[in-house]
Protein chains: 2
Amino acid sequence: MKLLRVDMNQSQVRWEPVPPVYERLGGRALIARVLLEEVPPTCDALGPLNKLILAPGLLGGCSVTAAGRLSVGGKSPLTKGAKEANAGGTAGDVLGKLGIKAVILEGQAPKDQWLILRIHSDSAELLPAGNSRGLGTYATSDLLQEMYGASCTVISIGQAGEMCMGGAGICVTGEGRQRSNHAARGGLGAVMGSKGLKAIVVDKPTGKTPPFADADLFRGAARTFAQKLINDPKLGTKGSQHLYGTASIVAAVNEMGSFPTRNFSNGNFEGAETLRGEHLREVTLARGGEAGTRCMPGCVIACRNVYVDATGKPIVGTLQYETIALLGSNLGLGNLDEVAVLNRMCNDFGLDTIETGAALGVAIEAGQGQFGDFESIRRLLAHVGEGTVLGRIIGNGAVATGRVLGIRRVPAAVGQAMPGYDPRSLKGNGVTYATSPQGADHTAGNAFGARKEVNPLGIQGQKELSLRLQIIAAMLDSTGLCLFARPPIIANPQLMVDMINGRYGWGWTVEDYDRFNRDVLRTELEFNRRAGLTTADYRLPEFMHTEPLPPHNATFDVPDTDLDTVFETL
Amino acid sequence: MKLLRVDMNQSQVRWEPVPPVYERLGGRALIARVLLEEVPPTCDALGPLNKLILAPGLLGGCSVTAAGRLSVGGKSPLTKGAKEANAGGTAGDVLGKLGIKAVILEGQAPKDQWLILRIHSDSAELLPAGNSRGLGTYATSDLLQEMYGASCTVISIGQAGEMCMGGAGICVTGEGRQRSNHAARGGLGAVMGSKGLKAIVVDKPTGKTPPFADADLFRGAARTFAQKLINDPKLGTKGSQHLYGTASIVAAVNEMGSFPTRNFSNGNFEGAETLRGEHLREVTLARGGEAGTRCMPGCVIACRNVYVDATGKPIVGTLQYETIALLGSNLGLGNLDEVAVLNRMCNDFGLDTIETGAALGVAIEAGQGQFGDFESIRRLLAHVGEGTVLGRIIGNGAVATGRVLGIRRVPAAVGQAMPGYDPRSLKGNGVTYATSPQGADHTAGNAFGARKEVNPLGIQGQKELSLRLQIIAAMLDSTGLCLFARPPIIANPQLMVDMINGRYGWGWTVEDYDRFNRDVLRTELEFNRRAGLTTADYRLPEFMHTEPLPPHNATFDVPDTDLDTVFETL
């Protein structure tokens, strides 16, 4: 395998052998290590010293089902710490097949000189961004696939990333004309924009498969893994996650009183019924949209949808739970058509729907719009794409919006907006939001699935639960695996160990696997420590400790000492 | 002496005896200790757990010349650490005469309920703010002096403080109709606004003098101190600081290449000639304004001016160096009439001219105005008072402005904008900006006066110089002394020791005095540490390390290890 280093200062690309320190790493694990080795932790996240790292997981390119996610990382302009966000689409698979361990972008292009990185099978080059400058991610993807072939993968930023907004993510195309996969969180689109890179175009490799140390071992484990997913009652073809996608949990989260409503002022939304995944599927199919399709080649879960309007015209795909919560109930909207339009706008501008939904909620609380009034919200969001002063505030995320508009009720932790679970009534997620080196993030250790195991309203067992989930999340994000695909690996880690050994021949044991996962967190925590994050940062906002959340009237009361000792046993 | 505690939640006031831990403290020293004892260091600076503390210095009310400053403090919304800012006017003297060690404001008034605190000789009460709500500090002071008597002292916030903007300061009236004294820095006006307090009105005490432990010792020392000031060649009636005020240094700072110009992109301003203190005095006197008057009762230095327009009508008083630098050269303006108008607007809105000037410079760099174009800048500043979205950005200070508008060249340290000395060519100030627990602050340890002693362009001796100056600054801010009045105390600390012992009978030695001063810094550093500030925060912005500053083409190259060890010998 090899590294591709891109020097944006000098407009030069360079292929490098993988140094030993990175050899046994992938995805999030590799990003964390590159940050610690190469990036000054106190650097300006939008300055020349930060790096943007794109890395498939360890299983990238191996055609393991649900394991083709692309990790993108760098120092986050929001959390000021280590950040990794990952996306479906074809990028993880394609880079893995090309034997590219990581693309590392360094420096900054001269002001107003925008570039595109093109990666072929054995070469790479920087080209002028030309007409793609200023376009949204849909038009950028269209233009570049038109120029370079419909089969190539496009990784791009929209206007938000170009304007270096903290809420900007990175869009990754998928099979067919999919444009809706985003490495959304932590402002990595702004980091890409700060480098002067509009897009990366990767040619589809022909007939490439990575070498296998033990092909039989690999294939056996990969097949068992896929079969377990197919047989899983939630994930299989009759399972709720396949049928209704991530939105399958709307009713349950609402019922438990953790569904963010009107800027996290209620955990129960009166309009939740029409936001449910079941309703989403029904409407989608009745109108001729897609349900149960896939975002990554070969995924057997296939939880994706394409939401269409009443005339059958696609609005956005895939409409997901976090977006429904943050752009829906959190803004007082109970209409999926409206949520879908806002979702598409965010996707096009290249904005994280979670960060932006939270920022919109704060802006509305400041009087810039009205909860439940779609038109006022649509106008507000349109400002972001236009880059108006108000748009720049919202585009910079929830914390910046609260600070500028004078709102203290900002649902964020470690600088990053909270996803769709109010931590006052799902306290395990509160522990994760507060303590994860990634900031408030539902993929960093989501306790929702364990709500029957640990009382979500109690404080007992939350820190242990969060740690366990954070370790698993680190594994998922480092191998390229989707969050939905975790059950078979949790049930039998040997499956992952076998796939890794079959691919690389490292002779891992389950203990090695566990150490690897924990090391990801250790490395990120160390980077964050050097970047200046302390226990003062690893906290939830003050209002969540004092303002009771209906309907349970719960506050976040997990003691600080618990937060400070989550990683004691790491 | 006594404490006045004001519970804004319950609209209650309470007199308290001074607890032993606060007994031997005043001004900044007392504020630091109250913060450490009573305020959760990680609290939201604009939330109910922060406190706003107003405290005269240890010499407050004793009629010592140049020692009547009022310290105001709390956790800063800008630095997130301990903050003290002080102002001239009559407040320090009046509170001292009333025997009030400190006024401590706690909690927050219910939303939209604005109050005024009225302090009489022996009682205090909270009253509705009535018509003063929404007024600037000039109109607020006028209204309240009309209601409560022209002799009372008014301490108020303007629109910026009401809107909880991070650049908001607190205005203190002085003798006659003076309205131009501000405890400007660190966003303490926002803290006052967050409490729901529009103003404090203090009745003039009649015939009160504090008790003296040894009146002869006190009077002898105070008289010698005053005489030393009168005889000082710079401060006396023929001295440059009396004649030209703080603006006396314009030419020298410009000549050394440290005069902030067009958002800190040059250290030398081609239009500096007409910003000089000599020019200021000439114009002022020719038009019938004031020069060489005083901002505090009994001050023998009398460096104040009242700048008038061509018709002799007062624009603003006192026009000072830092304002001339930040609202003048830093915005490309070389016309004092224009600077004076911007200064008055800032004063009226209740804005720190340093923070706001720096924010305007950043906003102009982002294309929101034009350097040197007064009208575009005036319009930009007007937004702040109007509370528009753009105004809220600028009103929140330089860091917020840079973040939202996407500008990395932000002249700030520890979250607070730099005053009028570019640290690349006055490196001792760079060390102070970076390491002071107060953030970038010219009164926290200003190396300009030592420029002949330590080469301002070199790195040698800067950390030792900064520490020495920071210790002296802590003394000044804790006794109520003006920065200009430091020479006699530096030359002979026994003078201060005698005044303290004469007043309080504490039997201080010069060693006690030194320990007291150092303890101020230790206490603040400890609060900041608990608030989460680390060496990652105690730094200058990245661009100052890499972008050479004309005309010396100097970068800030004092090693991080020097910054990290400034307080090693504290």
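This short talk walks through some helices and a few single residues in a predicted model with chains A and B.

Before I start, residues are numbered from 1 along each chain as its sequence is written, and chains are lettered from A, with ligands numbered from 1, in the order in which they are written. Because this is a predicted model, local features need pLDDT of at least 70 and side-chain atom pairs count only at pLDDT 80 or more, while totals for chains, interfaces and linings use all residues, and side-chain values use heavy atoms, with hydrogens and water left out.

Helix H12 covers residues 336-349 of chain A, and at 1.5 Å a residue its 14 residues should span 20 Å, which agrees with end C-alpha atoms that are 20 Å apart; the expected span is 1.5 Å times one less than the number of residues. After H12(A) comes Gly350(A), which has a positive phi, near 75°. Among the buried residues of H12(A) are Leu336(A), Val339(A), Met345(A) and Phe349(A), where buried means under 20% relative accessible area, exposed means over 50%, and partly exposed lies in between (1.4 Å probe, protein chains only).

Next comes helix H13 (residues 353-365) of chain A, whose 13 residues should span 18 Å at 1.5 Å a residue, in agreement with end C-alpha atoms 18 Å apart. Why is H13(A) described as largely enclosed by the rest of the structure? The reason is that 12 of its 13 residues are buried, including Thr353(A), Glu355(A), Gly357(A) and Leu360(A). Those buried residues pack against several elements of chain A, among them helix H11 (321-327), helix H12 (336-349), helix H14 (374-386) and strand S17 (416-417), and packing here rests on contact, meaning heavy atoms within 4.5 Å. H13(A) also has an N-terminal cap, Asp352(A), with a side-chain oxygen 3.0 Å from the backbone nitrogen of Ile354(A), and just after H13(A), Gly367(A) takes a positive phi of about 95°.

Now I turn to pairs of helices. Two packed helices are described by the angle between their axes and the distance between the axes. Axes are lines fitted to C-alpha atoms, for helices over the stretch in contact, and angles run from 0 to 180 degrees between N-to-C directions. In chain A, the axes of helix H2 (residues 27-38) and helix H18 (residues 462-479) come within 4 Å and cross at roughly 95°, and H2(A) and H18(A) are therefore roughly perpendicular to each other (angles under 35 degrees count as roughly parallel, over 145 as roughly antiparallel, 65 to 115 as roughly perpendicular and the rest as oblique). Gly27(A), Arg28(A) and Ala29(A) of H2(A) make this contact with Ala473(A), Ala474(A), Asp477(A) and Ser478(A) of H18(A).

In chain B, the axes of helix H18 (residues 462-479) and helix H21 (residues 510-531) come within 8 Å and cross at roughly 95°, so H18(B) and H21(B) are likewise roughly perpendicular. One of the H18(B) residues that meet H21(B) is Ser478(B), which counts as buried at 0% relative accessibility.

Gln416(B), in strand S17 (residues 416-417) of chain B, is buried, with a relative accessible area of 0%. Which side chain does the side chain of Gln416(B) meet in a polar contact? That partner is Lys83(B), at 3.2 Å, a polar contact being a pair of N or O atoms within 3.5 Å, where within protein one must be able to donate a hydrogen and the other to accept it, and residues adjacent in sequence count only if both atoms are side-chain atoms.

Lys75(B) sits in strand S4 (residues 70-75) of chain B and counts as buried at 4% relative accessibility. A polar atom of its side chain lies 2.9 Å from the backbone oxygen of Cys43(B).

Finally, Phe567(A), in the segment after helix H23 (560-564) of chain A, counts as buried at 19% relative accessibility. Phe567(A) and Leu521(A) are 46 residues apart in sequence, yet 8.9 Å apart in space, C-alpha to C-alpha, and Leu521(A) is among the residues that Phe567(A) touches.

Terms used:
Helices (H or I, at least four residues) and strands (E, at least two) are DSSP runs, numbered from the N terminus. Lists of a residue's contacts leave out its neighbours within four places in sequence.
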